[in-house]
Amino acid sequence: MNITRKQFLGLAGASILVAVSGKQVLAELEGERQDGKPRPRKQYAMIVDTRKCSTLPDCTKCIDACNSSHNVPVIPNPEHEIKWIWKEEVANVFEAQQIPYLETTLKERATIVLCNHCDNPPCVRVCPTGATWKREEDGIVMMDWHRCIGCRYCMAACPYGSRSFNWIDPRTELKVLNPAFPTRTKGVVEKCVFCYERLALGQGPACAEVCPAKALIFGDLNDPQSEVRKMLGSGLTLRRRPSLGTGPNIYYIL
Amino acid sequence: MFMLEKAVTGSRKYWTWISALLLVILVAFYYYMRQFDYGLGLTGMGRNISWGLYIGQFTFMVGVAASAVMVVLPYYLHDHKEFHRMTILGELLAVASVVVCMLFIFVDIGQPMRILNVLLYPQFHSVMFWDMASLSGYLLLNIIITLAALHAEQKGLPVARWVRYVILLSIPWAVSIHTVTAFLYAGLPGRPFWLTAIMAPRFLASAFASGPALLILLCMLVRRLTGYDVGRKAIDALAVIITYAMAMNVFFLSLEIFTAYYSRIPDLTEDFNNLYLGIGPHSTLLPWGRASIVLMVISLGMLLLPRLRRNHVTLVVACVVTYLALWIDKGICLVVGGFMPSPFGFVSRYVPTFPEVMITVGVYAIGILMVTVLYKVTLAVKAADPTQFAYVPEDKHKATPAVGTLAATEVK
């Protein structure tokens, strides 16, 4: 087979191009990062100790702190509610772990739910605009409220019901405004962002900070010395629907 | 070039119809502006049932659009000459259906002014990106095909050679649009009702029954209104296709039901209980689920009996029943049912509001307006050549090759 140098170089160039773009497409489909980094440098996580939380059944301090620091309005219509962190009954949160003989008081014990900041978030996979993404440096599932088109595909994809859509204008429902954090417009989806704005200032999430029972423990899973890692290593904890493979990063002590 | 001048001359009846449609569209537009102003809170959707009537209609109409392949494939690939007079009507129905699909997505968007973000920041890992790409491509293909076919017909020539390749491409493309639409649902981890590999085949089966059923009804309407007859054999052949597709759809549905109830996995059984047996006090879907089952049984029964299928009066009834059964199944139960129960185990109530219904009706009115105008132009082109317009029964058909079939042009 005769081949000139020019043809050879052209062919080689084209093959490299095909190989590289093919690899990128595959990496994209598998949700891998292209720079070859295996994991985020940090992976923030939270442990909810429901035993401590339930000692104060009427407490809503974490919810209030979150709402006021993030301009989350309180909307009376339950179908239009915006919720970043809220309470649900244990039996509804852990359907698979239901024990029929569990006493009603324990079944109805409230626990805290919020975005799970999954390792492998389905909401990020389905978003058609990249308005939600997993941040490389700390594993937070972030949101860009200026890019979101409000298609609500992420709400269908989230197995935890963690996402809220602004069915109506949220600004008219806000009683007090925190000028340090953006408000949202109607027609976009929002959720817990693990207080990225406070983390940037070296503070912890607002909910964990105000909890009087110290029931919310926040930390970095990639740091073996962190409190969360020690707790997860020394006792049994549960995650919501782990069999789905989403890798939720909120752990529960029941 | 688009021959739209043929759409602006018409009888009094034609203009009354056009005006009525425009009026409905105008009223719907008013409600859309209210939704635009107030937000999607104007609809019956909420945090638990976050997709409703709009996305249901979108999903159903993708099927109607894809079903054009049921006339295109036999006609162009197998030279099934009976479909000669019907094919372009099917392709034009696909054009209107794709536009309707896109409008249903548009009215469901919370921030419609930002819709171009899908193109500005394309996300190749999102099925929605691929759905948009496949739908736009399918629309483009069908516009090219129908325009080329009409121009060829105007000149009394077979369609150009290159158009045949576009037509060939449109066949797998039609399958792709409904497959990708099924993937929108079938790839979500937390919704067991949708998480099934049979979603795409079942979508295609129900589409290939509902779309052609609508096409038969339209062809009969066209014959009554204009005298343009697609031919008895075409209708009968399409009715057989509907019968096979409906049988497959019922078969696929029963496979789903077997898997759920024999495995007795609560995640699976709950979803079918919700549709057909009722769970909790808010089972708004129960009457719809049951109605679709009853209508499917009636439809399949009527289609399977040759005497009823070949009688065009009972065939019309069978087509209406088929269409209704699948519209309820896919346009209402499939999407809303997927959100029940919620991730916390609740069954929420979803009832579309009046503005939501009006916007839905308005989008359909735009589709009907498109079908009216496109059919009007096509029939005007055909009427210019009386040999094209008048129906010649197949047995008396001379050896003239059907315009534009692959086989006919291959011979030369």
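**Sheet and globule**

Modeller: In chain A, strand S1 (residues 44-49) and S9(A) run parallel and are joined by four bridges. This is a predicted model, where local features need pLDDT of at least 70, side-chain atom pairs count only at pLDDT 80 or more, and totals for chains, interfaces and linings use all residues. Residues are numbered from 1 along each chain as its sequence is written, chains are lettered from A and ligands numbered from 1 in the order in which they are written, and side-chain values use heavy atoms, without hydrogens and water.

Biologist: Why do S1 and S9 of chain A count as paired?

Modeller: Two strands pair if DSSP finds at least two bridges between them. Four bridges join S1(A) to S9(A), so they pair. Strands are DSSP runs (E, at least two residues), and helices are runs too (H or I, at least four), numbered from the N terminus. Val48(A) stands opposite Tyr252(A) in S9(A).

Biologist: What makes S8 and S9 of chain A edge strands?

Modeller: The open sheet has the order S8-S1-S9 (chain A), with mixed pairing. Strand S8 (216-220) and strand S9 (250-253) of chain A each pair on one side only.

Biologist: How do you know whether the size of chain B agrees with a compact globule?

Modeller: The radius of gyration is taken over C-alpha atoms, and the globule rule is 2.2 Å times the number of residues to the power 0.38. For 412 residues that gives near 22 Å; chain B has 22 Å, so the two agree.

Biologist: How much of chain B counts as buried?

Modeller: Buried means under 20% relative accessible area, exposed over 50%, partly exposed in between (1.4 Å probe, protein chains only). By that rule, 58% of the 412 residues of chain B are buried.
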